[in-house]
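Okay, everyone, let's get started.

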Amino acid sequence: MAFPLNEEIDTHSLLWDSDTASATYSPLISFKIKALLLALSIFISLACISLLKYALLGFPEAMQFSFSKEVPRNQINLDGIASKSISENSAMRAKTFALSQSLKEDGGAFKKFETNYRTTWNKSYIELVRKHKSSFDRACYSNRKICLKRIRKTAEASHIKTARSMNLPIFEYSNSPWNMSALDSLRTAFHFQPESNWMNDPNAPLYHNGLYHLFFQYNPNNAFWGLISWGHAISSDLVHWLYVELAMQPDQWYDSQGVWTGSATFLEDGTLAVLYTGFTNESVQVQNLAFPADPYDPLLRKWNKYVGNPVLLPPTEVQPTDFRDPTTAWLGADGLWRMCIGSKLEGNGIAILYSTSDFINWKIDNHYLHEVEGTGMWECLDFYPVLKNGSPIGISTSRYGAHVKHVLKASMDDSKLDFYVIGTYDHQSHTFTPDDRSVDLGRGHRYDYGKFYASKSFYDDKGERRILWGWINESDSMQNDIRKGWASVQALPRQVWFDADTESNLIQWPVEEVLDLRRSKYSLENMVLQGGTVVEVTGSSGSQWDIEVTFENPISIGNAEHNISDINQLSFCGEGNASGKGLYGPFGLLVLASEGLEEQTAIYFFFTKSNGTWTTLVCSDQSRSSLAINVDKTSYGSVVPVLKKEKLLSLRVIVDHSIVETFVQGGRVCITSRVYPTLALDNAARLFVFNNGTMPIALKSLDAWKVSKVDMHAYATVQ
Ligand code: DQQ
């Protein structure tokens with residue numbers, strides 16, 4: 001028999017025909033044999049696995065392992081839910097497809113993001129970094145820091161070469177005010193940040209089995225936003241962190257464009273459930289569930305996405321891209337869990353309220369938990385009780401009663417600011433009523449008057465306190481972030497409680513564990529600062545500080561009677577005003593200042609008078625924080641509530657290389673600034689006190705502690 005001539009021959013299906021001693025081509029026989037061989041090999045593999053298991057565990061244990069391993073007390077009962085959900089799953093898919101059609105008309109928020117941020121040369125540069133990173137990755141195990149530097153250097157060199165050859169604009173690294181080692185000096189020493197790449201919102205912070213967990217929005221590949229996964233770190237003290245593997249990655253149709261922000265809830269039986277937003281393959285925002293794969297693992301390293309995801313689709317009245325960031329749930333007296341999700345409707349920010357009995361089947365309520373006109377999209381909602389009596393003791397999210405007030409926080413997508421409002425939550429009607437609508441969300445109190453966004457709190461039952469995390473974004477250029485190899489940090493974790501003195505705001509204070517990082521102390525005492533004075537704190541070189549300073553309140557010591565006309569300067573905290581002059585102030589601190597004061601970040605008080613009433617302002621002036629030109633130097637500020645009985649004004653200022661976090665009057669007002677000095681780096685940075693006002697100001701005390709660096713590293717490296 002001859003070979004067929006004009007066909008491609010599959011050499012695997014050539015059979016030897018013993019009768020004719022010639023090769024026979026038989027596709028049918030070949031298929032049967034293949035199928036037989038496949039079935040045989042599957043059978044043999046299964047048998048081998050079972051034998052191996054029995055050999056290792058012994059027969060009875062092996063059976064137990066498969067069928068009757070004790071179900072942990074704190075494991076959710078998923079019986080019967082999985083099968084139901086699989087059939088629901090395809091219905092969900094069809095619905096998300098329909099929703100995605102309306103999204104296309106909207107232009108696609110993600111596309112907009114890409115166009116805004118990825119300029120031509122950025123694209124080519126990012127590609128280069130990616131290319132070089134993969135080739136260096138193998139060599140990076142031993143010394144990650146050196147390796148990252150090498151990647152950046154090589155990428156820069158080839159970027160310049162490619163950009164030249166393609167006639168593209170070149171980012172002039174030679175003109176950059178920072179060389180690579182100066183850029184490394186901008187990295188924080190004791191604020192939480194991943195080893196490299198991009199981070200944004202804190203997610204599902206929690207305390208469990210002796211460990212604190214922080215999850216965070218993370219791009220594992222680059223120092224800019226994209227391909228968002230959940231990074232994960234663990235700590236026993238909220239200060240020293242070990243990075244563990246990614247908790248979740250975008251690997252399912254319902255989160256393929258990003259595993260977005262979510263929250264953790266401990267159910268009544270101790271089960272830990274995480275609800276998060278998935279950005280689907282069809283660009284729809286849906287809510288998904290995930291559980292620790294092994295609830296016995298104290299590190300909670302592996303996570304299982306629930307087989308019936310998504311558990312919630314956007315309701316028809318909102319856009320499919322305006323439905324995200326579920327809160328931690330709270331348990332009502334009716335036995336139902338409730339949570340809310342941020343959205344917008346006709347320009348109004350809304351908190352959509354849901355309830356459930358099993359955490360899987362959620363029902364939308366007939367009213368929103370809250371709505372504020374014209375505030376745009378609300379992201380990252382947070383809703384929790386605080387004790388009315390002003391005790392710093394925290395309470396769990398499900399607590400209610402006459403002794404509590406409730407706090408609702410929304411992150412305003414349009415302005416990237418976090419606002420909170422305090423009010424009453426009615427546990428019968430599930431309505432929330434702000435105490436004072438004039439300071440409602442978007443109009444009144446902010447957690448922080450500087451850079452602090454997408455925050456999330458949790459109840460820490462170990463410390464009996466409520467702890468708040470907030471994301472501090474970069475404000476240098478994206479090019480700079482890529483060169484640095486990292487972007488964003490988390491603010492220090494803050495304990496938060498109700499301010500019973502003012503009865504209108506919250507108090508926030510760095511968790512007490514931060515005190516353990518304090519080292520040598522430098523002090524000043526009882527000093528009168530005449531107008532125009534700048535005094536260096538001796539020995540103050542360095543860029544890691546925890547500073548507490550108090551001044552006598554000039555108004556409470558009788559000066560209020562000065563017969564001056566009103567100074568209506570509520571906008572005083574604008575650009576460059578630390579060098580301005582008032583009657584009382586500006587006075588305060590200059591941090592991250594170069595020796596010749598070419599660079600300085602001023603944190604100061606200033607008093608204004610209107611209709612005979614004095615108002616205290618606190619400002620953070622970044623206008624001279626850096627000689628670099630392409631960094632954001634916006635100044636921030638706020639009015640500070642100061643009670644008549646308060647004879648002292650206080651600042652606690654925490655400095656960490658490129659972060660200045662300020663807590664005013666015991667934490668009534670907070671301001672966080674990003675600064676990027678070029679001269680005032682590391683030991684070249686100095687600390688001064690100053691008074692630019694006309695009237696002398698009495699400095700009562702200043703204590704400045706050097707803060708030690710915290711070594712954060714991957715958990716695996718210390719095994
Ligand atoms: N960041 C997440 C969203 C959230 C936004 C995406 C807030 O879930 O609304 O990274 O920064």
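So, which strands supply at least two residues each of the shell around the ligand? They are β3 (197–208), β7 (259–266), β16 (378–387) and β20 (453–460). When I say strand, I mean a DSSP run of E with at least two residues, while a helix is a run of H or I with at least four, and both are numbered from the N terminus.

Before going further, the ground rules. This is a predicted model, where local features need pLDDT of at least 70 and side-chain atom pairs count only at pLDDT 80 or more, while totals for chains, interfaces and linings use all residues. Residues are numbered from 1 along each chain as its sequence is written, and side-chain values use heavy atoms, with hydrogens and water left out.

Back to the ligand. There are 13 residues surrounding it, and the closest are D201, Q217, R324, D325 and E379.

R324 puts a polar side-chain atom 2.8 Å from a ligand oxygen. N200 also uses a polar side-chain atom, 3.0 Å from an oxygen of the ligand. With T261, a polar backbone atom is 3.2 Å from a ligand oxygen. And how much of the ligand does the protein bury? Taken alone, the ligand exposes 300 Å², and the protein buries 94% of that. Those areas are Shrake-Rupley with a 1.4 Å probe, and for residues only the protein chains shown count as cover.

On to the rings. Searching the whole structure turns up 34 aromatic pairs. The rule here is that rings of Phe, Tyr and Trp (its six-membered ring) pair if their centres lie within 6.5 Å, with planes under 30 degrees apart called stacked, over 60 edge-to-face, and the rest tilted. Take F215 and W303: the ring centres are 5.5 Å apart and the planes sit at 85 degrees, so that pair is edge-to-face. F215 is in strand β4 (residues 211–219) and W303 in strand β10 (residues 303–305), so the pair ties together parts 88 residues apart in sequence. Both F215 and W303 are buried, where buried means under 20% relative accessible area, exposed over 50%, and partly exposed in between (1.4 Å probe, protein chains only).

For W260 and F279, the centres are 4.7 Å apart and the planes at 20 degrees, so this pair is stacked. W260 belongs to strand β7 and F279 to strand β8 (residues 272–279), so the pair links parts that are 19 residues apart in sequence. W260 is buried at 11% relative accessible area, and F279 is buried at 3%.

There's also one aromatic cluster formed by F192, F216, Y218, W241, Y243 and W469. Then we have charges sitting over rings, which requires NZ of Lys or CZ of Arg within 6 Å of the ring centre and within 35 degrees of the ring normal. The charged end of R518 does this over W705, 3.7 Å from the ring centre, and the charged end of K484 does it over W486 at 4.4 Å.

Last topic, the backbone. Most residues other than glycine have a negative phi, and most peptide bonds are trans. Here, the bond from N309 to P310 is cis, with omega near -5 degrees, and P310 is in the loop between β10 and β11 (330–331). The bond from G585 to P586 is cis as well, with omega near 5 degrees; P586 lies in the loop between β28 (544–552) and β29 (587–593).

As for phi, N526 is not a glycine but has a positive value of about 35 degrees. N526 is in strand β26 (residues 518–529) and is exposed, at 54% relative accessible area. H657 has phi near 60 degrees, again positive in a residue other than glycine. So, is H657 buried or exposed? Its relative accessibility is 8%, so H657 counts as buried.

Technical notes: A residue is near a molecule or strand if one of its heavy atoms lies within 4 Å of it. A polar contact is a pair of N or O atoms within 3.5 Å; within protein, one must be able to donate a hydrogen and the other to accept it, and residues adjacent in sequence count only if both atoms are side-chain atoms.
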